[in-house]
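Work through the exercises below with the sequence and the model open. Each task is followed by a solution in steps.

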Amino acid sequence: MPAAKFKIVRKCKVCGEPFKAKTIESWYCSPRCSKIAWKRNKDEELRMQKLDEVVKKIPKSKDYITVPEAYALFGISKETLYRLIRKGAISSVNVGERQTRVSKEELLKLYPLRKKALTKSKPVAKLYSLEPKDCYTIGEIAKKYHLDDSTVYLHIRKYSIPTRQIGNFVYAPKKEIENIYKGAKQ
Ligand SMILES: [Zn+2]
(Lines give C-alpha, C1' and ligand atoms only; values in the text may rest on other atoms or scores of the structure.)
Protein backbone atom coordinates (compact mmCIF):
# COMPACT_ATOMS: atom_id res chain seq x y z
CA MET A 1 0.00 0.00 0.00
CA PRO A 2 1.50 3.35 -0.96
CA ALA A 3 0.16 5.02 2.21
CA ALA A 4 2.74 3.03 4.19
CA LYS A 5 5.38 5.33 2.77
CA PHE A 6 3.69 8.26 4.43
CA LYS A 7 6.07 9.46 7.10
CA ILE A 8 5.10 12.26 9.39
CA VAL A 9 6.30 12.83 12.91
CA ARG A 10 3.80 14.82 14.86
CA LYS A 11 3.34 15.85 18.43
CA CYS A 12 0.39 14.10 20.01
CA LYS A 13 -2.29 16.71 20.65
CA VAL A 14 -2.99 15.18 24.05
CA CYS A 15 0.27 14.10 25.64
CA GLY A 16 2.66 16.11 23.48
CA GLU A 17 4.85 13.10 22.71
CA PRO A 18 6.18 12.87 19.17
CA PHE A 19 4.78 9.92 17.21
CA LYS A 20 4.76 8.60 13.66
CA ALA A 21 1.46 9.50 12.08
CA LYS A 22 0.11 6.63 9.99
CA THR A 23 -2.26 8.81 8.03
CA ILE A 24 -2.75 12.51 7.42
CA GLU A 25 -5.55 12.49 9.96
CA SER A 26 -3.62 10.89 12.82
CA TRP A 27 -3.36 13.44 15.59
CA TYR A 28 -2.90 11.24 18.65
CA CYS A 29 -0.12 8.86 19.56
CA SER A 30 -2.28 6.05 20.90
CA PRO A 31 -5.85 4.80 21.23
CA ARG A 32 -5.66 6.00 24.83
CA CYS A 33 -4.89 9.58 23.79
CA SER A 34 -7.59 9.58 21.07
CA LYS A 35 -10.07 8.43 23.69
CA ILE A 36 -9.03 11.26 26.02
CA ALA A 37 -9.38 13.74 23.16
CA TRP A 38 -12.82 12.41 22.28
CA LYS A 39 -13.92 12.66 25.90
CA ARG A 40 -12.61 16.22 26.17
CA ASN A 41 -14.52 17.23 23.07
CA LYS A 42 -17.68 15.68 24.41
CA ASP A 43 -17.28 17.40 27.79
CA GLU A 44 -16.64 20.73 26.13
CA GLU A 45 -19.73 20.31 23.97
CA LEU A 46 -21.82 19.56 27.06
CA ARG A 47 -20.37 22.50 28.91
CA MET A 48 -21.26 24.79 26.01
CA GLN A 49 -24.77 23.36 25.82
CA LYS A 50 -25.29 24.11 29.50
CA LEU A 51 -24.11 27.67 28.95
CA ASP A 52 -26.51 27.96 26.00
CA GLU A 53 -29.32 26.95 28.33
CA VAL A 54 -28.36 29.73 30.75
CA VAL A 55 -28.30 32.23 27.88
CA LYS A 56 -31.77 31.16 26.69
CA LYS A 57 -33.20 31.97 30.10
CA ILE A 58 -31.88 35.53 30.26
CA PRO A 59 -34.82 37.86 29.53
CA LYS A 60 -34.08 40.02 26.52
CA SER A 61 -35.20 43.16 28.30
CA LYS A 62 -32.95 42.59 31.28
CA ASP A 63 -29.87 44.79 31.36
CA TYR A 64 -28.25 43.95 34.67
CA ILE A 65 -27.26 40.31 34.59
CA THR A 66 -25.61 37.97 37.10
CA VAL A 67 -21.99 36.90 36.97
CA PRO A 68 -22.86 33.34 35.76
CA GLU A 69 -25.10 34.86 33.09
CA ALA A 70 -22.28 37.11 31.95
CA TYR A 71 -20.02 34.07 31.77
CA ALA A 72 -22.60 32.17 29.73
CA LEU A 73 -23.08 35.08 27.35
CA PHE A 74 -19.52 36.21 26.85
CA GLY A 75 -17.33 33.50 28.33
CA ILE A 76 -15.70 36.10 30.62
CA SER A 77 -14.42 34.73 33.88
CA LYS A 78 -15.55 36.00 37.25
CA GLU A 79 -12.06 37.38 37.91
CA THR A 80 -12.07 39.39 34.70
CA LEU A 81 -15.54 40.71 35.43
CA TYR A 82 -14.59 41.91 38.90
CA ARG A 83 -11.47 43.49 37.49
CA LEU A 84 -13.60 45.41 34.97
CA ILE A 85 -15.89 46.52 37.77
CA ARG A 86 -12.96 47.67 39.92
CA LYS A 87 -11.49 49.59 37.01
CA GLY A 88 -14.85 51.22 36.45
CA ALA A 89 -14.98 49.85 32.92
CA ILE A 90 -18.48 48.49 33.46
CA SER A 91 -21.36 49.45 35.72
CA SER A 92 -22.50 47.08 38.39
CA VAL A 93 -25.11 46.99 41.10
CA ASN A 94 -25.22 45.01 44.29
CA VAL A 95 -28.59 43.55 44.97
CA GLY A 96 -27.51 41.79 48.14
CA GLU A 97 -24.64 39.90 49.69
CA ARG A 98 -22.58 38.39 46.82
CA GLN A 99 -25.26 39.36 44.34
CA THR A 100 -23.48 41.52 41.85
CA ARG A 101 -25.21 42.42 38.62
CA VAL A 102 -23.38 43.84 35.66
CA SER A 103 -24.60 45.76 32.66
CA LYS A 104 -25.15 43.55 29.64
CA GLU A 105 -25.29 46.55 27.32
CA GLU A 106 -21.86 47.70 28.43
CA LEU A 107 -20.37 44.23 28.16
CA LEU A 108 -21.76 43.92 24.65
CA LYS A 109 -19.67 46.90 23.67
CA LEU A 110 -16.53 45.32 25.11
CA TYR A 111 -16.84 41.64 24.30
CA PRO A 112 -17.93 39.43 21.46
CA LEU A 113 -20.54 36.85 22.37
CA ARG A 114 -19.32 33.38 23.24
CA LYS A 115 -19.65 30.96 20.36
CA LYS A 116 -22.70 28.74 20.47
CA ALA A 117 -22.19 25.05 21.14
CA LEU A 118 -24.00 23.82 18.09
CA THR A 119 -23.19 26.39 15.50
CA LYS A 120 -21.42 24.48 12.82
CA SER A 121 -18.81 26.55 11.13
CA LYS A 122 -19.85 27.46 7.64
CA PRO A 123 -17.73 25.91 4.95
CA VAL A 124 -15.56 28.66 3.63
CA ALA A 125 -15.40 28.93 -0.11
CA LYS A 126 -11.84 28.13 -0.98
CA LEU A 127 -9.96 30.29 -3.35
CA TYR A 128 -7.24 28.50 -5.13
CA SER A 129 -4.58 29.95 -7.23
CA LEU A 130 -3.50 27.54 -9.88
CA GLU A 131 -0.90 29.86 -11.28
CA PRO A 132 2.36 27.90 -11.54
CA LYS A 133 4.08 30.40 -9.22
CA ASP A 134 1.61 29.46 -6.46
CA CYS A 135 1.90 25.74 -7.13
CA TYR A 136 4.20 22.79 -6.72
CA THR A 137 4.54 20.16 -9.36
CA ILE A 138 3.83 16.60 -8.29
CA GLY A 139 7.52 15.88 -8.59
CA GLU A 140 8.38 18.77 -6.29
CA ILE A 141 5.87 17.62 -3.70
CA ALA A 142 7.21 14.06 -3.81
CA LYS A 143 10.75 15.32 -3.34
CA LYS A 144 9.89 17.79 -0.61
CA TYR A 145 7.96 15.32 1.52
CA HIS A 146 9.86 12.13 0.63
CA LEU A 147 6.89 10.44 -0.99
CA ASP A 148 6.53 8.74 -4.32
CA ASP A 149 4.42 10.33 -7.04
CA SER A 150 1.61 7.79 -6.69
CA THR A 151 1.26 8.56 -2.97
CA VAL A 152 1.07 12.25 -3.75
CA TYR A 153 -1.68 11.59 -6.32
CA LEU A 154 -3.50 9.46 -3.79
CA HIS A 155 -3.52 12.27 -1.23
CA ILE A 156 -4.53 14.82 -3.84
CA ARG A 157 -7.55 12.73 -4.79
CA LYS A 158 -8.41 11.94 -1.19
CA TYR A 159 -8.39 15.60 -0.15
CA SER A 160 -9.92 16.86 -3.39
CA ILE A 161 -7.05 19.20 -4.04
CA PRO A 162 -7.40 20.92 -7.40
CA THR A 163 -4.70 20.36 -9.97
CA ARG A 164 -3.80 21.80 -13.29
CA GLN A 165 -1.82 20.24 -16.06
CA ILE A 166 0.54 22.29 -18.16
CA GLY A 167 2.53 20.30 -20.66
CA ASN A 168 3.99 17.31 -18.88
CA PHE A 169 3.58 18.76 -15.41
CA VAL A 170 0.72 18.57 -12.98
CA TYR A 171 0.48 21.49 -10.58
CA ALA A 172 -1.23 21.69 -7.18
CA PRO A 173 -1.60 24.80 -5.00
CA LYS A 174 1.27 25.21 -2.52
CA LYS A 175 -1.05 26.32 0.27
CA GLU A 176 -3.22 23.22 0.06
CA ILE A 177 -0.26 20.90 -0.13
CA GLU A 178 1.50 22.53 2.81
CA ASN A 179 -1.71 22.25 4.74
CA ILE A 180 -2.11 18.50 4.33
CA TYR A 181 1.53 17.77 5.05
CA LYS A 182 1.70 20.07 8.05
CA GLY A 183 4.23 18.68 10.47
CA ALA A 184 5.79 16.41 7.86
CA LYS A 185 9.52 15.97 7.82
CA GLN A 186 11.07 17.73 4.90
ZN1 LIG B 1 -0.42 10.89 23.23
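Helices (H or I, at least four residues) and strands (E, at least two) are DSSP runs, numbered from the N terminus. This is a predicted model, in which local features need pLDDT of at least 70 and side-chain atom pairs count only at pLDDT 80 or more, while totals for chains, interfaces and linings use all residues. Residues are numbered from 1 along each chain as its sequence is written, and side-chain values use heavy atoms, with hydrogens and water left out.

**Exercise 1. Domains**

Find the domains of the chain and the separation of the centres of domain 1 and domain 2.

Solution. Start with the bounds, which come from an automatic or database domain assignment: domain 1 covers 1–46, domain 2 covers 58–110 and domain 3 covers 132–180. Then take the centres over C-alpha atoms; those of domain 1 and domain 2 are 39 Å apart.

**Exercise 2. The hairpin**

Describe how β1 and β2 are joined, and assign the residues of β1 to a covered and an uncovered face.

Solution. Two strands pair if DSSP finds at least two bridges between them. β1 (residues 8–11) and β2 (18–21) run antiparallel and are joined by 4 bridges. Lys 11 is opposite Pro 18 of β2. The two strands make a hairpin with 6 residues between them, and in the turn Gly 16 has a positive phi of about 80°.

Next, the faces. In a regular strand the side chains alternate between the two faces of the sheet. In β1, Ile 8 and Arg 10 form the covered face, Val 9 and Lys 11 the uncovered one.

**Exercise 3. A serine in a loop**

Is Ser 26 buried or exposed, and which residues does Ser 26 contact beyond its neighbours within four places in sequence?

Solution. Buried means under 20% relative accessible area, exposed over 50%, and partly exposed in between (1.4 Å probe, protein chains only). Ser 26 is in the loop between β2 and α1. Its relative accessibility is 17%, so Ser 26 counts as buried. Contact means heavy atoms within 4.5 Å; leaving aside neighbours within four places, Ser 26 touches Arg 10, Phe 19 and Ala 21. A polar atom of the Ser 26 side chain also lies 3.4 Å from the backbone nitrogen of Lys 22.

**Exercise 4. Helix α1**

Compare the span of α1 with the expected value, and list its buried residues.

Solution. The expected span is 1.5 Å times one less than the number of residues.

**Exercise 5. The open sheet**

What is the strand order of the open sheet, and how does α2 lie on the sheet?

Solution. The 3 strands follow the order β3-β5-β4 with antiparallel pairing. From one strand to the next the twist averages 35°; axes are lines fitted to C-alpha atoms, for helices over the stretch in contact, and angles run from 0 to 180 degrees between N-to-C directions. Helix α2 (residues 67–74) packs on the sheet, touches β3 and β5, and makes about 95° with the direction of β3.

**Exercise 6. Positive phi**

Where do His 146 and Ser 160 lie?

Solution. His 146 is in the loop between α5 (138–144) and α6 (149–158), and has a positive phi of about 55°. Ser 160 is in the loop between α6 and β7 (164–166), with phi near 45°. Ser 160 is exposed, at 56% relative accessible area.

Note on methods. A polar contact is a pair of N or O atoms within 3.5 Å; within protein, one must be able to donate a hydrogen and the other to accept it, and residues adjacent in sequence count only if both atoms are side-chain atoms.
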